[in-house]
Amino acid sequence: TSLRAQVTQFTQEFDRELTRAFFWLQADRGPSPVVTAFDSVGHFQRWFTTAPHPGLVRQIYVVSLPPAGHGSDAVSVSRYDREREALVRLPSLPTELAPIAVRLRAIPEAQPDRGPMSLVPAVASEGPALVIPRPPVPVVNAGGSIVFSRDERPWDFTIAVLDTTYIRETFLPELLERHFGEARAAAYRVSIVDRATKAQVF
């Protein structure tokens, strides 16, 4: 039906923009498969200057968990400063990241020679935020086998905290108007409800 098609197109566009943010913010990719510097922020800069909806992301953090056997539960966290275009080390974990850090600590650690980390939820309801593992880079070792570089530190994550105000007041109204027509002339009244809590989001 027409309504079903409109709903499908609406959800696909919403998901596409979140997927775009996930991959754009994953790593600063160069022209060759080399290990990028840990503090590289070119991809963050590009998101805020060229993405179709940069306002989806309110804040970007880089969180580093200690590897297994390190003997410490300390979490290193840096915040992306848009004015300075640099990562700024924070003295402690921001309150808004605490629930996400708990979830990350509970995830089995990746084995660098077996590929990237799995079981990482792409979207955390806490925040809400995108949880983006920093992807390992495949390299050829001395024996000629393809392994994943330990230099990529697969226990690092980019946490992109979403801007719920922008989503609610700007992004969703734009999508609704594009797929359902202007509010005053639309044939339907559209509400968006949180599937878990049943609370009305929009």
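How much accessible surface does the protein chain have, and what share of it belongs to carbon and sulfur atoms? I looked this up first, bearing in mind that the model is predicted, and noted that the accessible surface comes to about 11,900 Å², of which 52% belongs to carbon and sulfur atoms. I then turned to burial, and found that buried residues make up 38% of the 202 residues in the chain.

Entry on confidence. I noted a mean pLDDT of 77 for the protein chain, with 71% of its residues reaching 70 or more. Over residues 150-154 the pLDDT is below 50, although in the model this stretch has 14 contacts beyond near neighbours in sequence.

Entry on the fold. I counted four helices and eight strands in the protein chain, and wrote down their order from the N terminus on as α-α-β-β-β-α-β-β-β-β-β-α. Looking at contacts between residues at least 6 apart in sequence, I found that 58% of them join residues at least 24 apart.

Entry on the largest pocket. I recorded about 830 Å³ of space in the largest pocket, and, of the 19 residues that line this pocket, I listed Phe-14, Ile-192, Val-193, Asp-194 and Val-201 as the closest to its centre. The elements that give two or more residues to the lining are α1 (2-24), β4 (123-124) and α4 (164-180), and I noted that the largest share, four residues, comes from α4. Sorting the lining of the largest pocket by residue class, I have 13 nonpolar residues, three polar and three charged.

Entry on Glu-85. Where does Glu-85 lie? I placed Glu-85 in the loop between β2 (76-81) and β3 (86-89), and checked its backbone, where phi is near 50 degrees, a positive value in a residue other than glycine. I set beside this the reminder that most residues other than glycine have a negative phi.

Entry on Ala-98. I found Ala-98 in helix α3 (residues 98-105), and I class Ala-98 too as partly exposed, since its relative accessible area is 32%. I also looked up its separation from Gly-127, which is 29 residues away along the chain, and noted 9.8 Å between the C-alpha atoms of Ala-98 and Gly-127.

Notes. Residues numbered from 1 in each chain as written. Predicted model: local features only at pLDDT ≥ 70, side-chain atom pairs only at ≥ 80, totals over all residues. Heavy atoms only, no water. Buried < 20%, exposed > 50% of the residue type's maximum accessible area, 1.4 Å probe, protein only. Contact = heavy atoms within 4.5 Å. Areas by Shrake-Rupley, 256 points an atom, 1.4 Å probe, with all protein chains shown as cover. pLDDT = per-residue confidence, 0-100. 1 Å grid on protein atoms, 1.4 Å probe; cavity = no way out; pocket = protein on both sides within 12 Å on 5 of 7 lines; lining within 4 Å. Points joined across faces, edges and corners; volume = space filled by probe spheres on them. Nonpolar A, V, L, I, M, F, W, Y, C, P; charged D, E, K, R; others polar.
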